[in-house]
Amino acid sequence: MSTTNPASPETIRRRILAFISDELVAEDVEIGPEDDLLSGELLDSVAVLRLATFVDETFAIGMKPTDFLVENFQNVRVLTRYVVRATEGRSPAG
Amino acid sequence: MPVTLHRLVDDAAMRRPDAEAARCDGASLSWSDLARRRNGLARLLVDLGVGRGDRVAVLLGKSLEVPTAFYGVLAAGGALVPIDPKSPVEQIARILRATGATRLVTEPGRRNAVGGLLDAELEISHVVGLEPDDARSMNVAPWSAVDQLASDRPPSVDVDGLDTSYILHTSGSTGEPKLIRHTHASALAFVEWAVEEYGLRADDRLSNHSSHHTCFATFDFYAAARAAATTVILTPAAMLMPASLAQLVERERITVWYSVPTALVQLLLRGDLADRDLSALRWVLFAGETFPDKHLKRLLDLLPGVRFSHVYGSTEVNVCTCYHLPGSGEVPSPLPIGRPCSNAEALVVDEALEPVAGGGTGELLIRGSTVMSGYWGDPALNRQALVRRPASGGLEETYFRTGDRVRTLDDGNLTFAGRADHQVKVRGYRVELEEIEGALLAIEPVHESAALAVPDGDGSSTIRAAVVVDPAAGVTHKSLLKRLQKTLPLYALPSEIGIVDSLPRTPTGKVDRKALAAMLPGHGDRS
């Protein structure tokens, strides 16, 4: 796995929001960083798994089963924070 | 034994007034508080004109208001219509229209959905649960009105066992939902069986996973009430995050779990079970789909002190057979659906509805006290599904045609052998492929459509669809999916919609589903 320079929090946030609105929700649904992703009425378990896979692959996190926690996925703001933490201090060799 | 569901609360409140009836997200409601709030809502509904048998819809997410709403509607003499809050507004409107619901119990966070329903010209005259300025000219009463009317005495209402208790909804092949009517008696027959079979007791803590509109929830709430036990209502967030769910099951000391296998597989794969102390857990019940052997075996290994029960049924009959796995940790393959419950008779029949000779495969018919009283407002469907034939004593009795094909094993257990129609299961939800095909056809540029279910390897299925479209319309997989999200629930959405020049057909003109499967490689294979 090779990594480039870690993305900025702003870039991470934008890419996650774009993925959710392009791939996971209906056309007329607007998603903001504070919107609850785990209300059960926006995303189902398959969509959540796709989101996790997207985040894992895009930012090369190496997500562990124990990372599937409400506090990491509740909204785009905390998900961004999780990605930042998971990629922090990573050496260029990955 | 009470003859109505809402009386279960009085018995529980008498036995354990201060014990927790329900918990959700750290908050709780005692049995005596539940009884008082139930009375408050029932009084409010009666004041709003609800009479015996009037349909009252309940549109709530996972919260402590759910048991209050359920029992309050019933104590007012109403027939409860629990709505899946995950349904798009269009589908909710169809259910309200078909049941003729005139009152709606909801919560402030749903004012947009309720606003959408108002535009659908329904017969709803009153809404409970919104603030007065939340919904235009509608007659609304907030939840605080329920608390103001809370008291020790329920309104005086005449209801008996043969009154409708609730009307549940599932997918129907025409796109109209199937509305399944149960009486207080048929619901209580299930409750009695469940409490006895699993030895439910007052110190049990049952986790509620399923949506309130499913028959799973009748176990989580009503069977718990009969035992004066506690229902722990799981939030969607916990259910979507398996590691959080595992922590919650440990922290809440859950003793009885009832869900679809998918939820247990997620817990196994991402729940970090080896590090959790689940010693309080004593029963795991699962139903709705096949549990993949490899996952079930691992789960049994990880939870050696837990008994596992494979229960079988449908919303129409609730649970009608069950199979308790041997304590040795062995998993027979295929896993039987077991033997008929003590309140049910099972009959395996051929196409002429005559019993199949020893060990043959046929359709399963069920007779017993838990069978629904019928589909609401659909005599034609009732004639197909509820058939009269001689029972063992020679008298004519009513049997429910499950549409499931089963086989009797040598030891007397039944095993599932497929469906007789195009109904499939997606993470435990019943989905009629025709409904998805119809929803696709309703999109303007779609000329033809076909849907099929493909096993996902984890015991569930994913749906794939193919359409023939007007080439000038410029539709894409994504634009079709986004349109479908307005009419179908999330679980019924195809993971793949292939745009094809023509649908493959068999010589008789039917859609060739095998050939179609080969044409739709699946989401993961797309570039």
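Colleague: How does Val146(B) count, buried or exposed?
Modeller: This is a predicted model, and the class is read from a count of C-beta neighbours inside 10 Å. A residue needs 20 or more other C-beta atoms within 10 Å to be buried. Val146(B) has 26 such neighbours, so the class is buried.

Colleague: In which helix of chain B is Val146(B) found?
Modeller: The helix in question covers residues 143–149 of chain B. Val146(B) is found in that helix, α6.

Colleague: What separates the C-alpha atoms of Val146(B) and Arg38(B)?
Modeller: Leaving aside neighbours within four places in sequence, Val146(B) is in contact with Arg37(B), Gly40(B), Leu41(B) and Leu44(B). Arg38(B) is 108 residues from Val146(B) along the chain. The separation between their C-alpha atoms is 8.4 Å.

Colleague: How is Ala228(B) classed, buried or exposed?
Modeller: Ala228(B) is found in the loop between α8 (216–226) and β11 (230–233) of chain B. Its phi is positive, about 55 degrees, although Ala228(B) is not a glycine. Most residues other than glycine have a negative phi. With 23 other C-beta atoms within 10 Å, Ala228(B) is buried.

Colleague: Which is the peptide bond from Ser333(B) to Pro334(B), cis or trans?
Modeller: Pro334(B) lies in the loop between β15 (318–324) and β16 (339–340) of chain B. Most peptide bonds are trans. From Ser333(B) to Pro334(B), omega is near -5 degrees, and the bond is cis.

Colleague: Which strands are the edges of the open sheet in chain B?
Modeller: The sheet has 9 strands with mixed pairing, in the order β2-β1-β11-β10-β12-β13-β14-β15-β16. An edge strand here pairs on one side only. The edges are β2 (27–30) and β16 of chain B.

Colleague: Within that sheet, what is the bridge partner of Tyr258(B) in β13(B)?
Modeller: Strand β12 of chain B covers residues 256–259, and strand β13 of chain B covers residues 283–286. These strands pair in the parallel sense over 4 bridges. The partner of Tyr258(B) is Leu285(B).

Colleague: What radius of gyration does chain B have?
Modeller: Chain B contains 16 helices and 27 strands, and its C-alpha atoms fill a box of roughly 70 × 60 × 55 Å along the principal axes. For 527 residues, a compact globule would have a radius of gyration near 24 Å. The value for chain B agrees with that: 23 Å.

Colleague: What percentage of the residues of chain B count as buried?
Modeller: Among the contacts of chain B with a separation of 6 or more, 66% are between residues 24 or more positions apart. Burial is taken over the 527 residues of chain B. The buried part is 53%.

Colleague: What distance separates the centres of domain 1 and domain 2 of chain B?
Modeller: Domain 1 spans 7–233 and domain 2 spans 423–525. In contact are 11 residues of domain 1 and 12 residues of domain 2. The domain 1 side divides into 1 nonpolar, 7 polar and 3 charged residues. Taken over C-alpha atoms, the centres are separated by 34 Å.

Colleague: Which helices of chain A each supply at least two residues of the side that touches chain B?
Modeller: The elements of chain A run α-α-α-α from the N terminus, with 0 strands. The contact takes 16 residues from chain A and 20 residues from chain B. Each supplying at least two residues of the chain A side are α2 (45–58) and α3 (70–73).

Colleague: How many nonpolar residues does the side of chain A that touches chain B have?
Modeller: By class, that side of chain A includes 5 polar and 3 charged residues. The nonpolar residues number 8.

Methods: Residues are numbered from 1 along each chain as its sequence is written. Chains are lettered from A and ligands numbered from 1 in the order in which they are written. This is a predicted model: local features need pLDDT of at least 70, side-chain atom pairs count only at pLDDT 80 or more; totals for chains, interfaces and linings use all residues. The radius of gyration is taken over C-alpha atoms; the globule rule is 2.2 Å times the number of residues to the power 0.38. A residue is buried if 20 or more other C-beta atoms lie within 10 Å of its own, exposed if 12 or fewer, and partly exposed in between; C-beta atoms are placed from the backbone. Two residues are in contact if their C-beta atoms, placed from the backbone, lie within 7 Å. Ala, Val, Leu, Ile, Met, Phe, Trp, Tyr, Cys and Pro count as nonpolar, Asp, Glu, Lys and Arg as charged, and the others, Gly among them, as polar. Two strands pair if DSSP finds at least two bridges between them. Domain bounds come from an automatic or database domain assignment.
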